[in-house]
Amino acid sequence: MTELADLPASEAARRIAAGRLSAAELAEACLDRITAREGEVHAFAAHAPDAVRAAAARPLPGALSGLPIGVKDVLDTSDFITEYGSPIWSGHQPRADAAAVALARRAGALVMGKTVTTEFATRHPGPTRNPHRLTHTPGGSSQGSAAGVAAGFFPLAFGTQTAGSVLRPAAYCGVTGFKPSFGLIHRAGMKVMSESLDTIGVFGRRAADCALFAGALTGLDLSRPAERAPRIAFCPGPAEAKLSPETTALLRRVADSCAAAGAVVAEWSLPAALREADAVHGLVMNGETAQSLAWERDAAREKISAVLNERLDWAESHDAAALVEGRAAFARARAAFATAMEGYDILLTAAAPGEAPAGIDSTGEPACNALWTALHGPCISLPAGHGATGLPLGIQLVAPFGQDAALLAWAGWVERRLG
């Protein structure tokens, strides 16, 4: 029997609506799990159990009524400090919630606390550990959110993605991560690093959870079921050479299972324009981050990690025209992807090279995700198996810009074929 703290959000919402579960009971189950495991997982940057209990006693009505959520600490909150993973912002207390947080509260969500992020949602990690094996990274940059969902601290959480910061930790932690189309979830009140790339996403335990959460934030119906089997373009992705044997075998196994269930599955090769966009992703990301952190770099450079300073120095060594051309390469790739996907519903590819790496000094490799983020379309990571040492593996599904409802529907269809 599934414990309350491990219920998918969509199932918890149904029980609450039917009167078979109270918000207080669900919150207490999550708080018990936090008490039991937070000391080893370290998912929270800030947490207030008494405030959670008070909110759970009288949850607001709405699509998320009574559902606990975690909020990545690059999104402002009026009732928790927001430090963006940096000592420069230690003790910072925003006056207002970020738009996404305010909309979640309006829909009845209970904010359990702020979740650990890497420094400015970039590279330098925080203390969070993978709940499946504490000696391994949970991924990043949305490390506390992914680990918290996996550990049962909350069934839903906010993440953000610039390269692979939702999809990769979801795969490493064995949960579902959804990066919607660029701009679908409003970024007001977010500490934006890359103007061209940063996207607010969500974590859950099922595709239906992500559809519920993102739908509540946008007012869109994102929970429609698939009416037929999908047409799937199969591509290991730009990081094919980096994939573990287990990941390669998993992708093929999922493709075969979908085909056996009636999907049309065809091999698909990366157009040249997509490879060009993938090659300049780092320049655009770091160039725009250097612009975003101009004040921090001028006022407190010594409080920024050496690894981040090094990457931003590298980006600033290029002239301004290189950044403009990088953005143009992204635009060409988006057009090429839309054309190349004609006749297909979704693309099946890797969510991460393999299992979560050992150690917590690095958050792993975003090479399976950066290109798709640059294309601005929706992507989802689904837990789909385990690697050689027993840690989770995920797969990634991608769709063209604006096809969020369709992608989530196809994700539900694929999910049912994963066993």
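**A friendly note on the sheet and its surroundings**

1. Start with the sheet: 11 strands make up an open sheet with mixed pairing, in the order 1-3-2-4-6-5-10-11-9-7-8. Strands here are DSSP runs of E with at least two residues, helices are runs of H or I with at least four residues, and both are numbered from the N terminus. Two strands pair if DSSP finds at least two bridges between them. At the edges lie strand 1 (44–47) and strand 8 (264–267), each of which pairs on one side only. From one strand to the next, the twist averages 30°.

2. A word on the source: this is a predicted model, in which local features need pLDDT of at least 70 and side-chain atom pairs count only at pLDDT 80 or more, while totals for chains, interfaces and linings use all residues. Residues are numbered from 1 along each chain as its sequence is written, and side-chain values use heavy atoms, leaving out hydrogens and water.

3. Now look at strand 5. Its residues Thr176 and Phe178 point one way, Gly177 and Lys179 point the other way, and all are buried (under 20% relative accessible area with a 1.4 Å probe, protein chains only; exposed is over 50%, partly exposed in between). In a regular strand the side chains alternate between the two faces of the sheet.

4. Threonine 162 sits in the loop between strand 4 and helix 6 (167–173). Why does threonine 162 count as buried? Because its relative accessibility is 8%. Its side chain makes a polar contact with the side chain of aspartate 198 at 2.4 Å. Such a contact is a pair of N or O atoms within 3.5 Å; within protein, one must be able to donate a hydrogen and the other to accept it, and residues adjacent in sequence count only if both atoms are side-chain atoms. Beyond neighbours within four places in sequence, threonine 162 is in contact (heavy atoms within 4.5 Å) with residues including Ser194, His281 and Thr373.

Definitions and conventions. Axes are lines fitted to C-alpha atoms, for helices over the stretch in contact, and angles run from 0 to 180 degrees between N-to-C directions.
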